[in-house]
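I am keeping a notebook on one structure. The entries below record what I looked up, in the order I looked it up.

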Amino acid sequence: MSVARERDRMIEDSDKARVAVLGDSRWGVRALQSRLVEEGFRLFQGDSDSDAAGALPSPPDVVVFDVADLDITEQIEAMLRDCRSRWGAPILCLLPPSEHATPRTSARLDADEFLFKPPRALEIANRIQLLVQRRQQKRGAATRD
């Protein structure tokens with residue numbers, strides 16, 4: 001690849017929203033990875049928040065946290081608090097289908113949005129885009145103040 005093409009690709013990639021994919025199973029995102037890339041997102045995956053942090057050139061715009069088991073909620077809560085304090089990025093939780101998972105579960109997990117698995121590709125892409133837009137609006141409001 002020529003230097004000019006590589007530079008153009010890097011500029012184009014820098015405009016894409018950075019999405020850190022974390023959690024226990026990453027099942028939902030792995031199944032939708034190609035669609036999310038087509039929608040213009042840059043995905044960084046890791047088994048833990050530190051794995052993804054090492055792969056990111058800068059903090060993510062959104063964190064997608066794939067929850068495998070709601071029975072370990074305290075551990076998940078701690079990981080999400082760490083993500084939020086480290087990056088300040090909005091969090092989308094992918095929850096396992098369960099009669100026990102409710103909107104309260106999302107509030108307890110301190111997530112901005114949640115979806116039950118299996119999510120549809122368009123739905124997860126739209127939720128991520130919504131979180132990116134909200135974050136940009138908050139940044140814009142903060143700079144005006």
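Predicted model: local features only at pLDDT ≥ 70, side-chain atom pairs only at ≥ 80, totals over all residues.

**Entry 1**

Is Glu 113 buried or exposed? Glu 113 has a relative accessible area of 14%, and it counts as buried because the cut-off is under 20%. I then looked for what its side chain meets. Glu 113 forms a salt bridge with Arg 134, and the closest N and O atoms are 3.0 Å apart. The two residues come from distant parts of the chain: Glu 113 sits in strand S5 and Arg 134 in helix H6, which covers residues 121-144. They are 21 residues apart. Arg 134 is partly exposed, with a relative accessible area of 35%.

I also noted that this pair does not stand alone. A network of salt bridges links Glu 113, Arg 120, Glu 123, Arg 127 and Arg 134.

**Entry 2: other salt bridges**

How many salt bridges does a search of the whole structure find? The search gives 10. I looked up two further pairs.

The side chains of Arg 84 and Asp 112 meet in a salt bridge, at 3.1 Å from N to O. Arg 84 is partly exposed at a relative accessible area of 22%. Asp 112 is partly exposed too, at 33%.

The other pair is Glu 39 and Arg 35, whose side chains meet in a salt bridge at 3.0 Å, N to O. Glu 39 is partly exposed, with a relative accessible area of 36%. For Arg 35, also partly exposed, the value is 29%.

**Entry 3: the largest pocket**

Rolling a probe the size of a water molecule over the atoms shows where empty space is left. I looked up the largest pocket, and its volume is about 150 Å³. Which residues line the largest pocket? They are Arg 84, Gly 88, Ala 89, Pro 90, Asp 112, Leu 131, Arg 134, Arg 135, Lys 138 and Arg 139.

I sorted the lining by class and wrote down six charged, three nonpolar and one polar residue.

**Entry 4: strand S3**

Next I went to strand S3, residues 62-66. Five of its five residues are buried, so S3 is largely enclosed by the rest of the structure. In a regular strand the side chains alternate between the two faces of the sheet. I checked S3 for this: Val 62, Val 64 and Asp 66 point one way, while Val 63 and Phe 65 point the other way.

Which strands pair with S3? One is strand S1 (residues 17-23), which pairs with S3 in the parallel sense over five bridges. Val 21 stands opposite Val 64 of S3. Strand S4 (residues 91-95) also pairs with S3 in the parallel sense, over four bridges. Here Val 63 has Ile 91 in S4 as its bridge partner. The chain gets from S3 to S4 through H4, and this β-α-β crossover is right-handed.

**Entry 5: two prolines**

I looked up Pro 59, which is placed in the loop between helix H3 (49-55) and S3. Pro 59 is partly exposed, with a relative accessible area of 41%. Pro 59 and Ala 89 are 30 residues apart in sequence and 7.8 Å apart in space, C-alpha to C-alpha. Ala 89 is one of the residues lining the largest pocket.

Pro 118 lies in the loop between S5 and H6. A cis peptide bond joins Lys 117 and Pro 118, with omega at about -5°.

**Entry 6: the whole chain**

Last, I looked at the chain as a whole. Its secondary structure comes to six helices and five strands. Along the sequence, they follow the pattern α-β-α-β-α-β-α-β-α-β-α. The chain has 145 residues, and buried residues make up 43% of them. Glu 113, where I began, is buried.

Definitions and conventions. Residues numbered from 1 in each chain as written. Heavy atoms only, no water. Salt bridge = Lys/Arg side-chain N within 4 Å of Asp/Glu carboxyl O. Buried < 20%, exposed > 50% of the residue type's maximum accessible area, 1.4 Å probe, protein only. 1 Å grid on protein atoms, 1.4 Å probe; cavity = no way out; pocket = protein on both sides within 12 Å on 5 of 7 lines; lining within 4 Å. Points joined across faces, edges and corners; volume = space filled by probe spheres on them. Nonpolar A, V, L, I, M, F, W, Y, C, P; charged D, E, K, R; others polar. Pairing = 2+ DSSP bridges. Right-handed = clockwise from strand over helix to strand, strands pointing away.
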